[in-house]
Amino acid sequence: MISNQILQTTIDGLKNITRIDLCVIDTEGKILASTFAEADRFIEPAVAFVDSPADSQVVSGCQFFKVFDEHQMEYVLLAYGDSDDVYMVGKIAAFQIQNLLIAYKERFDKDNFIKNLLLDNLLLVDIYNRAKKLHIETDARRVVYIIETDHDKDGNELDRVRSIFEGKVQDFVTAVDERNIIVVKEVGDADSLEELNKTAEVIYGLFKGDPSVHVAFGTVVNEIKEVSRSYKEARMALDVGKIFFEDRNIVAYATLGIGRLIYQLPIPLCKMFIKETFEGKSPDEFDDETLTTINKFFENSLNVSETSRQLYIHRNTLVYRLDKLQKSTGLDLRAFEDAITFKIALMVVKYMKYMEKMDY
């Protein structure tokens with residue numbers, strides 16, 4: 001069904017061109033869009049007109065027209081004015097709205113297809129048969145983006161995202177739940193990760209830097225049957241980004257690194273790893289000073305001199321802190337293998353806490 005906003009925009013445009021007032025009323029007598037204030041007085045005649053056999057008629061100087069969608073009556077269109085062209089303008093307006101119904105119905109069919117494709121609700125043979133009927137290319141290169149917002153979509157957000165993909169018939173913008181907008185975008189053979197990221201930045205830019213908005217995208221797939229894989233990758237990137245890349249609002253599946261592996265570990269295995277490595281302690285229970293030292297040491301690739309410089313402390317002070325940490329944990333962060341173990345442990349604890357929070 002066409003939104004009232006689209007109907008209003010359509011008849012406003014027609015009035016600006018023709019100077020003839022128009023009104024759209026549904027079959028139950030509700031005014032959906034109007035360009036003149038006196039439209040209320042035509043509601044009763046419009047409801048009576050619905051049951052009449054005529055496709056058009058004149059009531060109180062106003063032209064009434066029926067608008068159909070595949071033989072099903074959808075609207076009553078009113079054309080009101082003193083001009084001799086009222087009838088012709090009314091017919092044009094009815095024809096325009098009828099074509100909008102067809103266009104929106106086709107988009108709805110494609111939207112349904114894309115949703116079922118993303119959610120793996122289609123058999124392989126159905127994917128190719130329906131894609132052919134809807135004139136959707138099956139062997140185009142595509143990537144899936146997910147835009148997550150913290151507030152319910154009111155329709156404007158979807159339209160906002162759709163606005164940057166207008167005219168691109170092989171790009172699709174839809175939603176499978178209340179918080180996420182999904183973009184299935186066709187990409188060229190030469191589109192790199194950098195190009196994909198630029199598209200994500202354009203999408204994120206629509207929300208004017210809203211920190212509650214996150215954009216994630218999967219890898220490029222070559223066939224339509226693989227689109228759901230890119231969607232699943234984008235969903236994982238969204239979650240993993242919240243756990244390990246809190247400072248990023250745009251996350252690509254291809255850049256998740258070891259976080260992608262940790263995210264797929266079962267929680268009992270994670271608990272066992274922490275218990276065996278730290279004898280029941282948790283690596284994130286250290287004081288803020290120690291945690292800052294550890295994180296800065298990792299940021300500087302285990303470089304003692306650079307870490308002490310950035311922390312504004314003497315090199316010996318840093319060595320003392322690392323020695324103290326080694327005594328309490330049995331791990332020497334200056335040794336690569338121990339550093340890897342500690343780094344993974346910190347990430348595992350982050351992942352466990354995130355999953356615990358999601359459970360509640």
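Trainee: Which residues in helix 10 meet helix 12?
Mentor: This is a predicted model, to be clear. From helix 10, Glu-289, Thr-290, Thr-293, Ile-294 and Phe-297 make the contact. On the helix 12 side they meet Leu-318, Arg-321, Leu-322 and Leu-325.
Trainee: And how do the residues of that contact divide into nonpolar, polar and charged?
Mentor: There are 5 nonpolar, 2 polar and 2 charged ones.
Trainee: What's the angle between those two helices?
Mentor: About 105°, with the axes 11 Å apart. Helix 10 covers residues 288-299 and helix 12 covers residues 315-329. Angles from 65 to 115 degrees count as roughly perpendicular, so helix 10 and helix 12 are roughly perpendicular to each other.
Trainee: OK, zooming out. How many helices and strands does the protein chain have?
Mentor: It has 13 helices and 10 strands.
Trainee: What about the radius of gyration of the protein chain?
Mentor: The chain has 30 Å, whereas a compact globule of 360 residues would be near 21 Å. Along the principal axes, its C-alpha atoms fill a box of roughly 95 × 45 × 40 Å.
Trainee: What percentage of the residues count as buried?
Mentor: 44% of the 360 residues. The accessible surface comes to about 20,000 Å², and carbon and sulfur atoms account for 50% of that.
Trainee: Last one: among contacts between residues at least 6 apart in sequence, what share join residues at least 24 apart?
Mentor: That share is 59% in the protein chain.

Methods. Residues are numbered from 1 along each chain as its sequence is written. This is a predicted model: local features need pLDDT of at least 70, side-chain atom pairs count only at pLDDT 80 or more; totals for chains, interfaces and linings use all residues. Side-chain values use heavy atoms; hydrogens and water are left out. Axes are lines fitted to C-alpha atoms, for helices over the stretch in contact, and angles run from 0 to 180 degrees between N-to-C directions. Helices (H or I, at least four residues) and strands (E, at least two) are DSSP runs, numbered from the N terminus. Angles under 35 degrees count as roughly parallel, over 145 as roughly antiparallel, 65 to 115 as roughly perpendicular and the rest as oblique. Contact means heavy atoms within 4.5 Å. Ala, Val, Leu, Ile, Met, Phe, Trp, Tyr, Cys and Pro count as nonpolar, Asp, Glu, Lys and Arg as charged, and the others, Gly among them, as polar. The radius of gyration is taken over C-alpha atoms; the globule rule is 2.2 Å times the number of residues to the power 0.38. Buried means under 20% relative accessible area, exposed over 50%, partly exposed in between (1.4 Å probe, protein chains only). Accessible areas come from the Shrake-Rupley method with a 1.4 Å probe; for residues, only the protein chains shown count as cover.
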